[in-house]
Amino acid sequence: MKEELFASGRNIPNIDPTLNIWHWQIPSYLFLGGLAAGILFFAGVFTIMGKEEQMSATVKKAPFLAPIALILGLFLLFLDLKHKLWFWQLYTTIRLESPMGWGAWVLMIMTPISLIWSASYIRELFPGWDWKFKFLKSFETWVIKNRILIAWPMVIYAVILGIYTGILLSAFNARPLWNTSILGPLFLVSGMSTGAAVILLMSNNHEERKIIGRLDILLIVIELFFITHLFMGDKAGSEAQINAVNLFLGGSFTAPFFAFVVVLGLIFPALLEIMELRGYKVPIAVPAILILLGGFIFRFLIVEAGQMTRYLY
Amino acid sequence: MKKMNFDGSQYLNPYLGGVILGTVLLLSFYISGRGLGASGAVKNTVAATVNAIAPKHVEASAYYSQFAGGDHQPMSNWLVFEVLGVLAGAFLSGIIFNRLKLKVEHSPKITSRRRLLFALLGGLIFGFGTQLARGCTSGAALSGMAVLSLGGYITMVAIFGTAFAAAWLFRKNWI
């Protein structure tokens, strides 16, 4: 390995005063991780509630996207690594205070659970499917019988995964915009909302769409509250945090953040969903796609702006 | 007041629509410091797209280099955001009055294909014209007239005068 030695703590290219190391891979991964967490959370919760049949898109169809999102996300994380061949050391170094360690382990648990979950519904959605080997068939029978047993850890780990996508950022104590614990819940709620949007896109059952639509409106309201909370917390913080949040309150990120995330990604789709629940004919794909785009842009803006913020001047 | 229909047949009184549009224009000046516009958003989007694909061409072009390349940020523009709002507002209005349907509106005497072809041709000519005139019906005429700019009045007379004169030639597309 060829590393450079810095004698000074200041003016390190790409690290100080502004960070310039995270590009499109990280926000894309955060989006995919949050999306998978949201989908698996709803699948697990409605299974525990015994509503597999009424909520079939939530429990059976949408989870097929989760392992695809997780594996693609993991691949993006791998692309981001500088020393790619050393990725396995994340699994041999156990450090409770390391968010990357947490993430690596949560993904290590969530990806197989999501694969097993979707695999157990393959025969129901594709009746011609044959598992070929006897041990696969008997494993499938066991999973089908014990779905609730699997749903519990799936729900719990989905919450951890959703929170972790925010904690990955907030653990950076050198970046004032990220260095707030509200990012964890904010990213969790945003991920759940994007998961709900995917379910809305996939469901053709009116009742199911109504339940998920209502949940999504609630999630959007909570998300707006958390965003306000993030801004108010920073505004009441140190000078560095005030400068950080000013990027969104008058600075260069204001227009894209409020236009694409707050208005077109949250308030407008919530309004459309409310109108749909009130009986207006709304093509549900429109609010769903807007929520997905809003969630995607939200992560890009937070990652990009956070890297520009700093404590020392 | 007349009862409103929600079966897709209801349209706003055009005089009231005009007053509302004027109020929007006033608010636009008050909030953003600029008037309304449509062609500007298209121009900036085109310039940003060309800059993303062929930055060297933008640098060399006297026209594109005014808006894109170098320090220019064509998408960070009030008109781009305003047009997104127009789309969102129109979508809402379509939902409320139950008019949200994918269709081509045309005279029963012509085909959809002919209508789309003429719309495309008209759009191309109009788009070209807006760049010569530095604005379209909203950006140059409406916003210009609102601030008593002589160019705004000339643009308005030219756009509607030409359309009035040329309408006879194309009347068979409608009546």
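Which residues have the most contacts inside the largest nonpolar core?

1. This is a predicted model, in which local features need pLDDT of at least 70, side-chain atom pairs count only at pLDDT 80 or more, and totals for chains, interfaces and linings use all residues. Residues are numbered from 1 along each chain as its sequence is written, while chains are lettered from A and ligands numbered from 1 in the order in which they are written.

2. The residues asked about are A:A36, A:I39, A:L40 and A:I199, in a core of 82 residues. A nonpolar core is a set of buried Ala, Val, Leu, Ile, Met, Phe, Trp, Tyr and Cys residues joined through C-beta atoms within 7 Å; buried means that 20 or more other C-beta atoms lie within 10 Å of the residue's own, with C-beta atoms placed from the backbone. Helix α1 (residues 25-48) of chain A gives the largest share of this core, 14 residues. Helices are DSSP runs (H or I, at least four residues), numbered from the N terminus.

3. Beyond its neighbours within four places in sequence, A:I39 is in contact (C-beta atoms within 7 Å) with residues including A:A62, A:L65, A:V198 and A:I199.

4. In chain B, helix α2 (residues 39-53) and helix α4 (residues 78-96) pack at about 115°, their axes 8 Å apart. Axes are lines fitted to C-alpha atoms over the stretch in contact, and angles run from 0 to 180 degrees between N-to-C directions. The pair α2(B) and α4(B) is therefore roughly perpendicular (65 to 115 degrees).

5. Eight residues of chain B are in contact with eight residues of chain A.

Methods:
Helix = DSSP H or I, 4+ residues; strand = E, 2+ residues; numbered from the N terminus. Parallel < 35°, antiparallel > 145°, perpendicular 65-115°, else oblique. Contact = placed C-beta atoms within 7 Å. Buried ≥ 20, exposed ≤ 12 C-beta atoms within 10 Å, placed from the backbone.
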